[in-house]
Amino acid sequence: MPAPYKLLVPTMILMTFISSCKIEPYSKFNLKNLYPNTTSIILPVNPKAMINWDSLLTELSQCNKPIIVLEEHHVREQNISELRQNIQKASKLRFHIAIRMPTKFGERPIEDLAQQLINIQDFLPEINGVFLDEVLDNPDMFAYYYQLSGIARELGYDFIIMSIPNSTDPHQFTEIADALVVYQNVGISENIIPDEDLQNKAISIIYLPSWEEVTPFITYLRKGLLGKWVLVTDKYEHWSTDSISLPSFWKELITQLCTKR
């Protein structure tokens, strides 16, 4: 097999493939990707972060279908054999493993994204999900994201996440995504609870500096009212930057959200 990221699909073949992609009925995929019973955890991972993977995987294995998200540029890096080994372990534990791919609000060519998805699959076949970020909530762009979702499905990625925290109509994306980031901001209140139709697919990314500020909302989190996945961090930087690591209250979060009571 050609070395990772050396194989380029000829443009004509790639464009033919793109034009032929269709989205399967979502019931097919939802049967395979059952949602957590209550809110679980989504975790972005920087391979350079100081993380004890054995402990991390043991803790996350208490959660029901957690999601590990890798950055696209991290997967392109060389010498990540340790990351590959740990991702393989996470895959055996049936975690969702997604690759975050910014779409630059629809300005990134579809053929470039398709080629990258092919490359990533060759490099880390354990990745089963695609996290499409910088999604432009514009009716004129819906066909763009519809096609991207179809391409990912055709390539074998069976879990699609779209980040739409500022969407005025998040429901339009429920037919082309398995999970939707519907909230990403500093602070948390009852006002961010999505309606029932979105709760099964919702991801909330919540920035809080202390466990004391999390505890008033643990009841909502445990009941799944804030969505089926949540990222709570004590970092105020953007959640996908290199600066993020596990929040200082990580173990408390695992205990409250993932330990059966």
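Buried residues are taken here as those under 20% relative accessible area, exposed ones as over 50%, and partly exposed ones as in between (1.4 Å probe, protein chains only). The model is predicted, and local features need pLDDT of at least 70, side-chain atom pairs count only at pLDDT 80 or more, and totals for chains, interfaces and linings use all residues. Residues are numbered from 1 along each chain as its sequence is written, and side-chain values use heavy atoms, with hydrogens and water left out.

The structure holds 6 of them. One is formed by Arg100 and Glu71, whose closest N and O atoms are 2.8 Å apart. Arg100 lies in strand E3 (residues 96-102) and Glu71 in strand E2, so this pair ties together parts that are 29 residues apart in sequence; helices (H or I, at least four residues) and strands (E, at least two) are DSSP runs, numbered from the N terminus. Arg100 is buried, with a relative accessible area of 7%, and Glu71 also counts as buried, at 6% relative accessibility. Asp133 joins Glu71 and Arg100 in a network of salt bridges.

A further salt bridge brings together the side chains of Asp178 and Arg153 (2.8 Å, N to O). Distant parts of the chain are linked by this pair, with Asp178 in the loop between strand E5 (159-163) and strand E6 (179-186), and Arg153 in helix H7 (residues 142-154), 25 residues apart. Both Asp178 and Arg153 are buried. Lys89, in contrast, is partly exposed, with a relative accessible area of 41%. Its salt bridge is with Asp54, the closest N and O atoms being 3.7 Å apart. Since Lys89 lies in helix H5 (residues 81-92) and Asp54 in helix H3, the pair ties together parts that are 35 residues apart in sequence.

Turning to covalent links, a search of the whole structure finds 1 disulfide, that is, a pair of cysteine sulfur atoms within 2.5 Å. The disulfide joins Cys63 to Cys258, with an S to S distance of 2.0 Å. Cys63 sits in the loop between helix H3 (53-60) and strand E2 (67-71), and Cys258 in helix H11 (residues 250-258), so that distant parts of the chain, 195 residues apart, are linked. Cys63 and Cys258 are both buried, and their link is right-handed, with 90° about the S-S bond.

The nonpolar cores complete the picture, each being a set of buried Ala, Val, Leu, Ile, Met, Phe, Trp, Tyr and Cys residues joined through side-chain atoms within 4.5 Å. The largest has 70 residues, of which Leu60, Ile68, Leu70 and Met162 touch the most other members. Helix H6 (residues 110-123) gives the most to this core, with 7 residues. Beyond its neighbours within four places in sequence, Leu60 is in contact with Ile41, Leu43, Pro66, Ile68, Phe95, Trp250 and Ile254, where contact means heavy atoms within 4.5 Å. A second, separate core of 15 residues includes Val69, Phe159, Ile203 and Trp229.

Methods:
Salt bridge = Lys/Arg side-chain N within 4 Å of Asp/Glu carboxyl O.
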